[in-house]
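Morning, everyone. Please put the sequence and the structure up, and let's walk through them.

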Amino acid sequence: MLSPTFLRNLLCSMLFIPAALLSISASATDTDRFAHLHGQLNIAGGTAHIPVMKQAARAIMTANPDIRITIAGGGSGVGAQQAAKGLAEIGNTGRALKPAEAAQGLVSFPFAIDGVAVILNPTNPVKALSSQQVADIYAGKITNWQTLGGADKTINLFTRDEASGTRAVFVKKLLHNGSVVTKANVVPSNGAMKTAVARDPAAIGYSSVGYIDNTVVAPTLDGIHPSNEACANGHYPVVRKLYMNTKGEPQGLTRAFIDFIYSPQGAGYIRSSGYIPLAQQ
Amino acid sequence: MIADKRPPLNRGNVTGSDRLAALLPWLAGGVFGTIVAVFLLLGYFALPVLFDGNITLFSPIWRPEQGQYGIMAMVMASVMLAILASLIALPLAVGICGLCLFPQYRRIAALLRALMRLMAGVPTVVYGIAAVFLLVPWLRDTLHYGSGFCLLAAILMVVILILPVMIMLLDSHCRVLMQQLYPTASALGMTSSQIILHLILPSSRPVLAASTLLGLSRAIGDTLLPLMLAGNAPQLSANLLDSMRTLTAHIALVLATDSHSAEYNSLFAAGLLLLSVSTVTTILIRTITTRSGARSPQS
């Protein structure tokens with residue numbers, strides 16, 4: 001009763017086991033830095049960062065049960081705020097710090113490059129958009145999918161709140177600081193954006209490239225598919241850096257966590273989350 | 001009304017309860033002081049914003065990137081949500097409460113009361129999630145207008161949110177009244193419906209008003225349901241099917257911005273506005289229920 005698919009899967013997994021073992025031994029070295037540490041580390045802010053932070057936190061807490069890491073969202077504004085006030089040891093932002101934020105003694109650690117892409121419902125026949133079209137949609141000039149070669153449906157616009165780094169990059173680099181029409185729905189996180197677009201056939205939204213999976217599709221922008229490669233080599237223009245921020249130079253557990261994100265294992269998590277790792281400066 | 005007239009159960013421990021009684025004014029004073037402090041704090045931060053000529057709060061245009069911080073669109077959405085939700089909830093509450101009074105529906109009533117107590121304790125986020133996955137797509141597909149995230153979706157869920165407390169308040173009043181009046185009234189030949197329609201409902205008018213106000217203040221204060229369901233577009237619209245942002249959702253969304261910006265400061269004014277509204281409704285509820293206590297047949 002062994003089906004060919006089963007055999008193929010078995011073969012794949014057998015080939016995969018040595019690789020998995022290798023990665024475990026690698027992880028043993030990268031999580032070693034936490035061996036004599038204990039305590040609590042609070043992380044808050046940008047929601048694009050969460051997939052990377054989660055994987056890192058799980059690996060660290062598995063290797064060392066004396067460490068507790070909490071991860072909260074809230075957006076880039078919250079990240080800077082919480083780190084500056086000492087409510088979180090690491091505040092994540094999806095944009096560089098504003099001068100007023102940096103003035104509170106925050107130190108930035110860029111660790112990944114992320115693209116911000118337009119996302120559509122998978123049932124939407126529109127597969128390509130120009131940046132001018134996207135700007136016109138968000139300005140309220142194009143209101144029906146028919147204009148863009150889609151079905152005769154009103155476009156349902158989704159945007160992010162003002163605290164979002166994703167929104168800041170989208171407005172600056174894709175809309176060229178153009179305005180978003182006030183009738184657009186506002187959602188408070190990358191996850192909420194994906195859920196909204198995945199469930200509405202007439203929706204258009206935008207999210208961090210790392211959040212794109214098979215529940216939403218990213219149309220090509222001016223003919224370029226927003227892939228990791230296109231983001232890394234500069235062909236896709238709507239990119240930003242993801243930052244971790246600390247109040248003053250990080251010490252102890254915070255320092256170890258930041259170093260871990262820059263380690264080969266951390267880079268693996270960054271890649272598997274759909275981002276491009278950056279080297280520590 | 002609710003004062004306990006029974007003698008103290010444990011007479012040997014008089015000194016202990018005396019000490020507790022002496023402590024109570026201090027505790028009450030502490031709570032009062034905290035409330036005053038919240039008002040003063042919000043006022044301290046909000047007043048400069050209210051009188052700042054550069055921040056035009058009383059305009060319907062919220063465009064922080066262009067320096068326009070009007071919150072009137074949000075005030076309008078909050079008012080629409082609160083008034084419509086309590087107007088829908090009131091007849092439902094009266095109907096369900098009335099049904100519970102009929103002696104022949106005693107079993108259903110017990111079930112309904114248990115359900116209401118359960119519903120009063122359900123976290124709003126649970127209603128929110130259910131609505132995002134069931135109500136919003138249903139609205140979008142049946143109405144063929146917009147994304148389904150609209151004020152109407154929020155109103156419908158807020159009705160479910162405020163209904164249990166409104167019913168519980170009404171029921172606790174009407175049930176006692178029914179127990180007192182039923183033997184006499186039925187001996188006089190009145191049917192159950194006549195007792196409820198002509199005796200109980202008319203004498204429950206102040207409680208009806210109080211429960212409506214309670215629903216209103218809960219509706220205006222709820223944050224999560226509008227945030228998850230109303231779509232949050234900061235626009236002025238009278239169309240219930242449009243995406244709108246309530247004042248509470250607005251504070252939740254903007255609180256995340258850079259804390260030194262003018263948009264952040266404008267939130268204190270929004271907070272003061274909300275606190276004033278809920279204080280006024282609470283005072284109104286207190287006035288109405290105290291007056292109804294003097295007029296109710298029990299006294």
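Why is helix 9 of chain A largely enclosed by the rest of the structure? Because eight of its eleven residues, in the run 252-262, are buried. Buried means under 20% relative accessible area, with a 1.4 Å probe and protein chains only. Among those buried residues are A:Leu253, A:Phe257, A:Ile261 and A:Tyr262. Helices here are DSSP runs (H or I, at least four residues), and strands are E runs of at least two, both numbered from the N terminus.

Two notes before the interface. This is a predicted model, where local features need pLDDT of at least 70 and side-chain atom pairs need 80 or more, while totals for chains, interfaces and linings use all residues. Residues count from 1 along each chain, chains are lettered from A and ligands numbered from 1 as written, and side-chain values use heavy atoms, without hydrogens or water.

Now the interface. Chain A puts 26 residues into the contact and chain B puts in 27. Contact means heavy atoms within 4.5 Å. The buried area is about 2,100 Å², with 51% from carbon and sulfur atoms. That is the accessible area (1.4 Å probe) both parts lose on being put together, summed over both. On chain A, the most area is lost by A:Glu162, A:Thr182 and A:Arg199, together 29% of what that side buries.

How many salt bridges link chain A and chain B? One. B:Arg140 meets A:Asp200 there, at 3.6 Å, N to O. The rule is a Lys or Arg side-chain nitrogen within 4 Å of an Asp or Glu carboxyl oxygen. As for elements, helix 3 of chain A gives the largest share of its side, four residues.

How values were computed. Buried area = accessible area lost by both parts, 1.4 Å probe. Buried < 20%, exposed > 50% of the residue type's maximum accessible area, 1.4 Å probe, protein only.
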